[in-house]
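Open the model in your viewer and keep the sequence panel beside it. We will go stop by stop.

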Amino acid sequence: MSHESAEPGVFEMDLTLHEARRRAEVVAALGPHWDPPAVARAEEEALDLLYSGLDEQQLRTYETLVEAGVLPRRGAGRAAD
């Protein structure tokens, strides 16, 4: 039996239609009352609450994590200030 060297075949699949359908289903599942700006505001409010009232040791830990790139630096009036 001889083993001939053959070029590997190219397998391509266009998922554009599938991805468009998936995204449409996600948006439909969220419903008509889903408000992305309200969700973003609520997330910011939750982060503000999470980082409020930190003691000295917690602030040092926060700064260490920011400097290491683990956490993003919060803006003015936030924990890092």
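How many residues does helix α1 have, and how far does α1 reach from its first C-alpha to its last? Select residues 16-30 to find out. Helix α1 has 15 residues and reaches 21 Å, close to the 21 Å expected at 1.5 Å a residue. This is a predicted model.

Step on to Gly31. This glycine follows α1. Its phi is positive, near 85 degrees.

Next, select Trp34. It is found in the loop between α1 and α2, the latter covering 36-50.

Now zoom out to the whole protein. Count three helices and zero strands. Along the sequence the pattern reads α-α-α. Of the 81 residues, 6% are buried. The protein exposes about 7300 Å², with 58% supplied by carbon and sulfur atoms.

Last stop: colour by pLDDT. The mean for the protein is 86. Residues that reach 70 or more make up 86%. Then select residues 77-81. Here pLDDT stays under 50. The model has 12 contacts beyond four places in sequence for this stretch. Where pLDDT is low, predicted coordinates should not be read in detail.

Terms used:
Residues numbered from 1 in each chain as written. Predicted model: local features only at pLDDT ≥ 70, side-chain atom pairs only at ≥ 80, totals over all residues. Heavy atoms only, no water. Helix = DSSP H or I, 4+ residues; strand = E, 2+ residues; numbered from the N terminus. Expected span 1.5 Å × (residues − 1). Buried < 20%, exposed > 50% of the residue type's maximum accessible area, 1.4 Å probe, protein only. Areas by Shrake-Rupley, 256 points an atom, 1.4 Å probe, with all protein chains shown as cover. pLDDT = per-residue confidence, 0-100. Contact = heavy atoms within 4.5 Å.
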